[in-house]
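Please walk through this model with me, from the domain interface to the charged pairs inside it.

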Amino acid sequence: MSDLVQRTRDVLPSVRRDLEDLVRVESVWADPARRGEVQRSAAAVAQLLADAGFGEVQIVSEGGAPAVIARHPAPPGAPTVLLYAHHDVQPEGDRAQWDSAPFEPTERDGRLYGRGTADDKAGIAIHLAAFRAHGGDPPVGVTVFVEGEEESGSPSLPRLLAAHREALACDVIVLADSDNWSTEVPSLTVSLRGLADCTVEVATLDHGLHSGLWGGVVPDALSVLVRMLASLHDDDGNVAVAGLHEAAAAGLDYPPERVRQETGLLEGVSEIGSGSVPQRLWAKPAITVIGIDATPVDKSSNTLIPRARAKVSMRVAPGGDAAEHLAALTRHLEQHAPWGAQVTVTPGDLGQPYAVDASGPVYDAARAAFRQAWGAEPVDTGIGGSIPFIAEFAAAFPSAKILVTGVEDPATQAHSVNESLHLGVLERAAVSEALLLARLREHSSDGQIAT
């Protein structure tokens, strides 16, 4: 195993160069003008995997973004491991807010900055590193699946999994798109909240009215909407929608100063909700108003606004059902419209939550690999956000064990400006995965993972 650790470290310089080249490709599937870049990104990933020694590499699409599937067959008596990552990235936002060009990887203080350096082109990098460390001939079967539209909600993923089920069949799935507890302590993600969102529109008038002539007699739509949105939380900031599920979270210490440091909470602004931070972040529902359509301030006049709408996003605790939670949110909004205002709720995206039973030999092998690579005991954590594709993989391959790992850390700022990858974490994550492939062979018998 010590030789394998050194071989992984030896391939990291070439892996980093490949990662930097991938970051330079502006693979933003959400931007129609850059879909050609996503095609170019898929081609680059496919070439890297072919050059690494995968004998079967293909670019596939089922009506959505291009994905890459690469296969290395399992030796006799060995299991097959599916390694997942995605090559599409979030839009960069306002480039002026970046300290360096978002698509030009730049190293500062041991971190590599750029869009996709961590989320999730680094996932591709650690898969390459692990495979190269084994000389292109690992002791288990390896299938790499690199998706191209994860940042857009993976709409074509169910079709991809159905159409290529045989090629993707596996015993273990490693989904490298998550967080670590810190740059020094690794995590296994064992729970993820789901997602349900909707657009709510309120109407009070069939046309705008002079606020001086009719204000105080008839309601304006924006005031109605504000009151409705305020009803979604109690005075302490807890979600006030009836009928929502709450789970239990690990008893990890998450002090207030860490919350403030990681979030940029302004001086004097307090946290919301009750319970521990892990409980609120990983195991309770959360509701956020993520957009409002109304008259902009610079175009406002003394007019009663006849219509207004907002987009409401809900996170669903593990064990809850996203569709049922969306129905509960819809009922709440319809029942809390003051003054008889007309309400229309249009459902949006759904993503089911997921909880992993992280016990058994596969997870023992992962924890042993993490301990050796990181020199620290891994912790089991949850994620406050949603990765809906995990439930899709669990449904497609119900007998496979799922490991949710990643290369991010609390300072990564995925989806934000100045996204970055800690280069020490990249090394430890790559070593962990190379060791995991070796240890999974040890835990298998006749190609099956022992239970």
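**Where the domains meet**

In this predicted model, 13 residues of domain 1 are in contact with eleven residues of domain 2; contact means heavy atoms within 4.5 Å. Domain 1 covers 1-192 + 353-445, and domain 2 covers 194-248 + 276-351. These bounds come from an automatic or database domain assignment. The C-alpha centres of the two domains lie 36 Å apart.

Residues are numbered from 1 along each chain as its sequence is written. Because the model is predicted, local features need pLDDT of at least 70 and side-chain atom pairs count only at pLDDT 80 or more, while totals for chains, interfaces and linings use all residues; side-chain values use heavy atoms, leaving out hydrogens and water.

Domain 1 and domain 2 bury about 850 Å² between them, with 66% of it on carbon and sulfur atoms. Buried area is the accessible area (1.4 Å probe) that two parts lose on being put together, summed over both. In domain 1, P353, G384 and S386 lose the most area to domain 2, together 55% of what that side buries.

A salt bridge needs a side-chain nitrogen of Lys or Arg within 4 Å of a carboxyl oxygen of Asp or Glu.

On the side of domain 1 that touches domain 2, the elements giving two or more residues are β8 (187-192), β15 (354-355) and β16 (379-383). Strands (E, at least two residues) and helices (H or I, at least four) are DSSP runs, numbered from the N terminus. The largest share, three residues, comes from β16.

**Salt bridges in the structure**

The structure as a whole holds 23 salt bridges. One of them joins the side chains of E92 and R34 (3.0 Å, N to O). E92 lies in the loop between β3 (80-86) and β4 (106-108) and R34 in the loop between α1 (2-23) and α2 (35-52), so the pair ties together parts 58 residues apart in sequence. Both E92 and R34 are buried, that is, under 20% relative accessible area (1.4 Å probe, protein chains only). The two also belong to a network of salt bridges that links E26, D31, R34, E92 and R95.

Which chain parts does the salt bridge of R111 and D409 link? The side chains meet at 2.8 Å, N to O. R111 sits in strand β5 (residues 111-113) and D409 in the loop between β17 (401-405) and β18 (420-422), 298 residues apart. R111 is buried at 10% relative accessible area, and D409 is buried at 3%.

Conventions
Buried < 20%, exposed > 50% of the residue type's maximum accessible area, 1.4 Å probe, protein only.
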